[in-house]
Amino acid sequence: MKSKWKIAISILIVLTVTSGVFLYFVFSKIGAFFDDTYHPIETSTKNELHEKTVEEDVDVEQVIHILLMGVDERENDKGRPDVLMVAELNPKTNQTKIVSLPRDTKVKIPGMNKTTKLNHSYTYGDVPLTVQTVQQLLDISVDYYAKVNMNGFEEIIRELGPLKVQNKREFTYDGHHFPEGNIELDQDEVLSYVRMRKDDSLGDEGRNIRQRQVIEAVIEKNIGEKDFVEALGFLEKISPYLQWNIQGKDLKTLYTNYLPSLKAIKQEELPGEGSLEEDGLWYFRAEEPTSVFQ
């Protein structure tokens, strides 16, 4: 299940950004989309929270970080993030690095005399406290966040259309058969292709390879084939599920300085290991988390 959320949120962010920057220059009347999705971070402890926008006159080589959250929200239940990832966009290398943060990572909550699981920060202080906690854990500044409500998100995945990938080994999973070589994944096959792990001789590494293939295929298709009608339709469908602190003016700078970085994506897991501790709870202990983005 976790692998499904990881690939889903990665695809969502890629599609939203590439669709948004496309429309920024093609269609000026997309204010309603940003009115619906824009939620700035509000906090009474500004000194503990870094939030900025990437202005047009900023150093074009500035590295930025985006916190990506997948939350299974339901009626009368704000939920907790099932997926937490940080994307680092580096215009100097034209690469994007996405690091997955296990939700059970043991952390200290800023401003609280409490050590608990990472996703509990959302329970105690919603997006602002989650951002602060991630900044403290990784010793970075989070420039943007994007929160996705995963409820019903599979319907969006189905609308992507066929994706072309090069499968390195033949396998069957979840009722779908994937031959070796260049194949085309239809809407019902995408998540099954990236979820298989146990029958792969490379284990998690093999699954990560397939995840990267799909994300790269999404970027290539979204940038290379998208027309105005498709892009506008996608944004209309995505807005009920998305909350972020990106505005239209930010997309212009992201397009100008950072879009090439999305064409080379590297995915990693936060290093560490999990164990059952004395309080009877399972925690993931990160190893040197501040070195991840150094």
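**A strand pair to start with**

Guide: Let's begin with Gly272: its bridge partner is Ala286 in β14. Helices (H or I, at least four residues) and strands (E, at least two) here are DSSP runs, numbered from the N terminus. This is a predicted model, in which local features need pLDDT of at least 70 and side-chain atom pairs count only at pLDDT 80 or more, while totals for chains, interfaces and linings use all residues. Residues are numbered from 1 along each chain as its sequence is written, and side-chain values use heavy atoms, with hydrogens and water left out.

Visitor: How many bridges join β13 to β14?

Guide: There are 5, and the two strands run antiparallel. Strands pair if DSSP finds at least two bridges between them.

Visitor: What's in the turn of that hairpin?

Guide: The hairpin has 5 residues between β13 and β14, and Gly280 in the turn has a positive phi of about 85°.

Visitor: Which salt bridges does Glu277 make?

Guide: Glu277 meets Lys106 at 2.6 Å, N to O. A salt bridge needs a side-chain nitrogen of Lys or Arg within 4 Å of a carboxyl oxygen of Asp or Glu. Lys106 sits in strand β4 and Glu277 in the loop between β13 and β14, so this one links distant parts of the chain, 171 residues apart. Glu277 also forms a salt bridge with Arg285, where the closest N and O atoms are 2.9 Å apart.

Visitor: Is Glu277 buried or exposed?

Guide: Glu277 counts as buried, because its relative accessibility is 18%. The cut-offs are under 20% relative accessible area for buried, over 50% for exposed and partly exposed in between (1.4 Å probe, protein chains only).

Visitor: How many salt bridges does the count come to?

Guide: The count comes to 6. One of them is between Arg210 and Asp200, again with the closest N and O atoms 2.6 Å apart. Arg210 lies in helix α6 and Asp200 in the loop between α5 and α6, so the pair ties together parts that are 10 residues apart in sequence. Both Arg210 and Asp200 are buried. There's a network too: salt bridges that share partners join Lys97, Lys266 and Glu268.

Visitor: Changing topic. How many aromatic pairs does a search of the whole structure find?

Guide: It finds 3. Rings of Phe, Tyr and Trp (its six-membered ring) pair if their centres lie within 6.5 Å; planes under 30 degrees apart count as stacked, over 60 as edge-to-face and the rest as tilted. Phe171 and Phe178 make a tilted pair, 4.9 Å centre to centre with 40° between the planes.

Visitor: Why is the pair of Phe178 and Tyr193 edge-to-face?

Guide: The planes of those two rings are at 65°, with the centres 5.4 Å apart, so the pair is edge-to-face. Phe178 is in strand β9 and Tyr193 in helix α5, 15 residues apart. Phe171, Phe178 and Tyr193 form one aromatic cluster. The relative accessibility is 6% for Phe171, 1% for Phe178 and 0% for Tyr193, and each of them counts as buried.

Visitor: Which residues have the most contacts inside the largest nonpolar core?

Guide: Leu67, Val86, Leu101, Val134 and Leu138, in a core of 25 residues. A nonpolar core here is a set of buried Ala, Val, Leu, Ile, Met, Phe, Trp, Tyr and Cys residues joined through side-chain atoms within 4.5 Å. β1, β2 and α3 each give two or more residues to this core, and α3 gives the most, with 7.

Visitor: What is Leu101 in contact with?

Guide: Leaving aside neighbours within four places in sequence, its contacts (heavy atoms within 4.5 Å) include Leu84, Val86, Leu118, Val134 and Leu270. A second, separate core of 21 residues includes Phe34, Leu68, Ile238 and Tyr258.

Visitor: Last one: which elements have the lowest and the highest mean pLDDT?

Guide: Helix α1 has the lowest, 53, and strand β4 the highest, 96. pLDDT is the predictor's confidence in each residue, from 0 to 100. The protein averages 77, and 70% of the residues score at least 70. Over residues 43-58 the pLDDT is below 50, and beyond near neighbours in sequence this stretch has 37 contacts in the model. Where pLDDT is low, the predicted coordinates should not be read in detail.
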